[in-house]
Amino acid sequence: MSGTSCQQHPEYGYQMVSVVPGLLDVAETIQQHHERIDGRGYPLGLSGREIRLEARIVAVCDSWAAMLADRPYHMALRPDEACDELRNGRNSQFDRDVVDAFLGLHQRELLGDLRRLAEREPVRLLP
C-alpha cells in the first residue's frame, strides 16, 4: 500500500469493516470517500461514476466537517467560506450534484449544527 499514513485510513477502514457480514457496501463507501471526481483521489484512483454515490456524499460531508473544525494545520472556516470551497471543488474534487444538494440543504438550514454535536458527551461503550 502506498501513500502517507493519513492517506491509508480509507483502506484501513475498508479492511476492518469488510470482514463484518453484510457490510461490504459500507466498507466500499469508506474505502472510496477520498476518491475525486477528476480521478486524482486515493486509494484507488477512481473517477466520476466509478465512485459509489454513497462515497461521493460522504466526501462532501467529511470535507464540510473538516472545514468547520479547528485543526492543527488550519483554523475553522466560516460556513460561507466552506460553501465557497465546496462550490470551487465541483467537478474536480466533488460530484457537482452532491455539492448542489448539500448546499441546498444548508441554505434551507436543514443541516445539523456541528459545533453543538461536538459539545455532546461521547457515548460510552464500555463500563
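This briefing walks through the main features of the structure shown above, topic by topic. Please keep in mind that the model is predicted. The chain has 6 helices and 0 strands, and 28% of its 127 residues are buried.

**Overall layout**

- Read from the N terminus, the elements run α-α-α-α-α-α.
- The chain exposes about 8700 Å², and carbon and sulfur atoms supply 54% of that area.
- Take the contacts between residues at least 6 apart in sequence: 37% of them join residues at least 24 apart.

**A nonpolar patch on the surface**

- Which residues form a nonpolar patch on the surface? They are Val 19, Val 20, Leu 23 and Val 26, and together they have about 310 Å² of accessible area.

**The cavity**

- The model holds 1 cavity of 30 Å³ or more, and the volume of the largest cavity is about 60 Å³.
- A total of 13 residues line the largest cavity. Those nearest its centre are Glu 35, Ala 55, Arg 56, Ala 59 and Gln 93.
- Which helix gives the largest share of this lining? Helix H3 (residues 53-67) does, with 4 residues.

**Salt bridges**

- Side chains of opposite charge can pair when their charged atoms come close. In this chain the count comes to 12 salt bridges.
- One of them joins the side chains of Asp 97 and Arg 49, at 4.0 Å from N to O. This pair links distant parts of the chain, as Asp 97 sits in helix H5 and Arg 49 in the loop between H2 and H3, 48 residues apart.
- Another salt bridge pairs Arg 87 with Asp 84, where the closest N and O atoms are 2.9 Å apart.
- How are Arg 87 and Asp 84 placed along helix H4? They are 3 residues apart in that helix, so about one helical turn separates them.
- Arg 87 has a relative accessibility of 36% and therefore counts as partly exposed; Asp 84 is partly exposed too, with a relative accessible area of 40%.
- Salt bridges can also join into a network, as they do for Asp 25, Glu 28, Arg 52 and Glu 54.

**Ser 92, in the loop between H4 and H5**

- Ser 92 lies in the loop that runs between helix H4 (79-88) and helix H5 (96-107).
- With a relative accessible area of 23%, Ser 92 is partly exposed.
- Which residues does Ser 92 contact, leaving aside its neighbours within four places in sequence? They are Arg 36, Ile 37 and Asp 38.
- Ser 92 and Gly 48 are 44 residues apart along the chain, and 9.3 Å separates their C-alpha atoms.

**Gly 39, in the loop between H2 and H3**

- Gly 39 is found in the loop between H2 and H3.
- The relative accessibility of Gly 39 is 23%, so this glycine counts as partly exposed.
- Once its neighbours within four places in sequence are set aside, Gly 39 is in contact with Gly 45, Leu 46 and Ser 47.
- How far apart are Gly 39 and Glu 50 in sequence and in space? They are 11 residues apart in sequence, and 9.4 Å apart from C-alpha to C-alpha.

Technical notes
Residues numbered from 1 in each chain as written. Predicted model: local features only at pLDDT ≥ 70, side-chain atom pairs only at ≥ 80, totals over all residues. Heavy atoms only, no water. Patch = residues over 30% accessible without salt bridge, like charges linked within 9 Å, V, L, I, M, F, W, Y side chains within 5 Å. Areas by Shrake-Rupley, 256 points an atom, 1.4 Å probe, with all protein chains shown as cover. Helix = DSSP H or I, 4+ residues; strand = E, 2+ residues; numbered from the N terminus. Buried < 20%, exposed > 50% of the residue type's maximum accessible area, 1.4 Å probe, protein only. Contact = heavy atoms within 4.5 Å. 1 Å grid on protein atoms, 1.4 Å probe; cavity = no way out; pocket = protein on both sides within 12 Å on 5 of 7 lines; lining within 4 Å. Points joined across faces, edges and corners; volume = space filled by probe spheres on them.
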